[in-house]
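This report covers a ligand site, a pocket and some backbone geometry. The sequence and structure come first.

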Amino acid sequence: MLKAGLIGCGSMGGGHLGNYYRFNRENDLLRLVCVCDIREERLNIVNQSEGEIRLYQDIDEMLAKEDLDMVTIALPTYLHHDAAIKCLEHGVNVLCEKPMALTVSDCDEMIAAAEKAGKLLLIGQCLRFAGNYVYLKKLVEEKTYGDVIAAHFIRCSSCRPPFGWNNWFMKKELSGGGLYDLHIHDADIMRAIFGNPTAVSAVTRPVFEDSVNDSFAGLYHYPSMVISAESDWSRKHFPFTADYTVNFERATLNLHGDVLTLATTEEPMHTVNLNDIPGIPTDDPYYLETKYLAECIRDGKPNTYNPPFESRETIRLLNAANESGMTGVTVKL
Ligand SMILES: NC(=O)c1ccc[n+]([C@@H]2O[C@H](COP(=O)([O-])OP(=O)(O)OC[C@H]3O[C@@H](n4cnc5c(N)ncnc54)[C@H](O)[C@@H]3O)[C@@H](O)[C@H]2O)c1
């Protein structure tokens, strides 16, 4: 049984905590044995009836005292690089939340640290484990309804400051802004499904103070498809929205909320139930990404499904989108 630790027990760490309880209850793959957060009030949310979970307020102390197989890092983005490298150098496999980091050179250092330590690094680009997106990838790869003509991805929320511990999300040098924190999900899954575009044209607009790209609209250039995307985390009290529409030669697929709707040249619009489709995951993607990494560690296998170089390439793409938004010029990749 693998021993796991959680570093950062804020909003996303709280989500990971719930999934770790599931491992403690449901199987023998891994056990959460410790949690680290500098804030005592966040450590107080740990439910000790879910197992013996030791609490720390310092990462170094936790690494020194525990003998861990893996950690999940759910720290603010600007801390990912240092924390991931520290854990890898300590011989611990790492699941690090997205964004991997904000610069390609930081991503490269993280990958190099994993290679040097001979440990696994997986970035929590969770849509790669989410059924609604895995299904889309399958349709594209198998050309079930022919080639894709056009696709549109949208991701919006109402994250007004103060947001996160110390308002770190709203500081562009700490979070990268909405482009890097919100749109990154669509940029990464778009790359996973369609590969790298050849260029990006973006329009970005700051909304909050000390910000740069709270509102984003972009066009990704591919040789034979039109792919557009938008993200905005300055909406007013609207619920979180993450939708897509993909138009194939012989069908159109739409995700709205949790509802997938398909219309084909043969069939009128109908709801797709992923439970009816073999091989498509329907479990919580955060649970599945953690399970995947743990199984790779247990079985001595490499992380081929979501290797960190993929996440690094997504950061490279976002840098290009950001540059395009700042300059008004189409940026080639
Ligand atoms: N995959 C997703 O869907 C998803 C969703 C939300 C957030 N995230 C990502 O998760 C990460 C965390 O976001 P969040 O919303 O949980 O932020 P948050 O501010 O709610 O939580 C961060 C936590 O880290 C703690 N912390 C700060 N410095 C620390 C240190 N040195 N040692 C230990 N703990 C420390 C803070 O006390 C806080 O509890 C971000 O990178 C964010 O982009 C991913």
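In the lining of the second largest pocket, α5 gives the most, with three residues. Helices (H or I, at least four residues) and strands (E, at least two) are DSSP runs, numbered from the N terminus. The model is predicted; local features need pLDDT of at least 70, side-chain atom pairs count only at pLDDT 80 or more, and totals for chains, interfaces and linings use all residues. Residues are numbered from 1 along each chain as its sequence is written, and side-chain values use heavy atoms, with hydrogens and water left out.

**The second largest pocket**

This pocket holds about 250 Å³ of space. A pocket is an open set of points on a 1 Å grid over the protein atoms alone, where a 1.4 Å probe fits, with protein on both sides within 12 Å along at least five of seven lines. Lining residues have an atom within 4 Å of a point. Grid points are joined across faces, edges and corners, and the volume is the space filled by probe spheres set on the points.

The second largest pocket is lined by 16 residues, and A114, K119, L120, L121 and N303 are the closest to its centre. Two or more lining residues come from each of α5 (104-117), α9 (285-299) and α10 (308-327). By class, nine lining residues are nonpolar, four polar and three charged. Here Ala, Val, Leu, Ile, Met, Phe, Trp, Tyr, Cys and Pro count as nonpolar, Asp, Glu, Lys and Arg as charged, and the others, Gly among them, as polar.

**The ligand site**

Around the ligand there are 29 residues, of which M12, D37, W165, D181 and Y286 come nearest. A residue counts as near if one of its heavy atoms lies within 4 Å. The shell has 14 nonpolar, nine polar and six charged residues. Its largest share, three residues, comes from α1.

Domain 1 (2-124 + 287-306) and domain 2 (128-283 + 313-332) both give residues to the shell, so the ligand lies between them. The domain bounds come from an automatic or database domain assignment.

| Backbone atom of | Ligand atom | Distance |
|---|---|---|
| L75 | oxygen | 3.4 Å |
| K98 | oxygen | 3.1 Å |
| W165 | oxygen | 2.7 Å |

The protein covers 89% of the 860 Å² of accessible area that the ligand has on its own. Accessible areas come from the Shrake-Rupley method with a 1.4 Å probe. Elements giving two or more residues to the shell are α1 (11-26) and α8 (178-194).

**Backbone geometry**

Most residues other than glycine have a negative phi, and most peptide bonds are trans. K98 and P99 are joined by a cis peptide bond, with omega about -20 degrees. P99 sits in the loop between β5 (93-97) and α5. N167, not a glycine, has a positive phi of about 60 degrees. Its loop runs between β7 (148-156) and α7 (172-175). H237 has a positive phi near 60 degrees and lies in the loop between β10 (226-232) and β11 (241-248).

Technical notes:
A polar contact is a pair of N or O atoms within 3.5 Å; within protein, one must be able to donate a hydrogen and the other to accept it, and residues adjacent in sequence count only if both atoms are side-chain atoms.
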